[in-house]
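Dear colleague,

My notes on what was found in it follow after that.

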Amino acid sequence: MSEHLKVVLVGLPGSGKSTFGRQLAQSLNFPFYDLDAMIEQKNQMKIPDIFSRMGEGKFREMESEMLAQALSYDRSFVLASGGGCPCFNDNMDLINSQAISVYLDVPLNDISDRLEGARIQNRPMFQGMEGGEIILKLKNLLAEREEYYNMAKIKLSGSDFSTELLISELIHQLRK
Ligand SMILES: Nc1ncnc2c1ncn2[C@@H]1O[C@H](COP(=O)(O)OP(=O)(O)OP(=O)(O)O)[C@@H](O)[C@H]1O
Ligand SMILES: O=C(O)C1=C[C@@H](O)[C@@H](O)[C@H](O)C1
Ligand SMILES: [Mg+2]
């Protein structure tokens, strides 16, 4: 690993990677990158349009390429990955070789409440769903993905995370 501190947040869609990632970056005075936003910017297209026009396979290919590009930045940063990113193309191994990964392990009921209140049309995994359907989808995604998320070096469980606590865990990891 380089002398820079690279932090990558992983977790289910709606677990708060973008929201908490931005807060963490601000506390550390690091730049914040959002992998989904980087892919949208490069393609000049929203994620749901990329899924519908190019297909999920192409999206996953671009996601892995963008991840490798972001991880190679010669500086410290906080990166919010996409919800599915760790589970394709050995991405979690790549993340762990270059950065400290953090899994945001949030109760499914809380994620479901958030997604119902959020702009769900921007999340192709949940389009047209509500209430019970969202919970069911989250349960299925977690069953498929938990083994990858659990490869993260730090796991934060709960629904509201403290940047101070994570910073002390990051320092602990760096001393290992
Ligand atoms: N701690 C929190 N308490 C309440 N609501 C939150 C919290 N963190 C995030 N949210 C809200 O939950 C929604 C999802 O958060 P966010 O977009 O940060 O998740 P994400 O993990 O980046 O999702 P995605 O994988 O889809 O990009 C947003 O509407 C956000 O405002
Ligand atoms: O959970 C997923 O597979 C996804 C989550 C989002 O962050 C985006 O990367 C995209 O909508 C796919
Ligand atoms: Mg996000």
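A residue is taken to be near a molecule when its C-beta atom, placed from the backbone, lies within 6 Å of that molecule. Please keep in mind throughout that this is a predicted model.

With that cut-off, the residues around ligand 2 are P13, D36, I47, G82, G83, G84, R123, P124 and M125. Sorted by class, this shell comprises 4 nonpolar, 3 polar and 2 charged residues.

Some of these positions also carry a database record: the unreviewed UniProt entry has a "binding site" annotation that covers D36, R60, G83 and R145, and for "binding site" the unreviewed entry lists S18 as well. D36 and G83 are among the residues around ligand 2.

As for the other annotated positions, S18 sits in helix α1, which spans residues 17-28, and S18 counts as partly exposed because it has 17 C-beta neighbours inside 10 Å. When neighbours within four places in sequence are left aside, S18 is in contact with D34 and A80. R60 belongs to helix α4, residues 56-71, and, with 17 C-beta neighbours inside 10 Å, R60 is likewise counted as partly exposed; leaving aside neighbours within four places in sequence, its contacts are F88 and N89. R145 is found in helix α7, and 17 other C-beta atoms within 10 Å make R145 partly exposed too.

Which residues of α7 are buried? They are I134, L138, Y148 and Y149, and these buried residues pack against β1 (6-10), α5 (91-98), β4 (100-105) and α6 (108-117).

Turning to the whole protein, there are 8 helices and 5 strands, and from the N terminus on the elements run β-α-β-α-α-α-β-α-β-α-α-β-α. The radius of gyration is 15 Å, close to the 16 Å that the globule rule gives for 176 residues, so the protein is as compact as a globular protein of that length. Along the principal axes, the C-alpha atoms fill a box of roughly 45 × 35 × 25 Å. Buried residues account for 34% of the 176 residues, and, among contacts between residues at least 6 apart in sequence, 77% join residues that are at least 24 apart.

Technical notes
Residues numbered from 1 in each chain as written. Chains lettered and ligands numbered in written order. Predicted model: local features only at pLDDT ≥ 70, side-chain atom pairs only at ≥ 80, totals over all residues. Buried ≥ 20, exposed ≤ 12 C-beta atoms within 10 Å, placed from the backbone. Helix = DSSP H or I, 4+ residues; strand = E, 2+ residues; numbered from the N terminus. Contact = placed C-beta atoms within 7 Å. Nonpolar A, V, L, I, M, F, W, Y, C, P; charged D, E, K, R; others polar. UniProt positions renumbered as here; feature names shortened; annotations may be inferred. Rg over C-alpha atoms; globule rule 2.2 N^0.38 Å.
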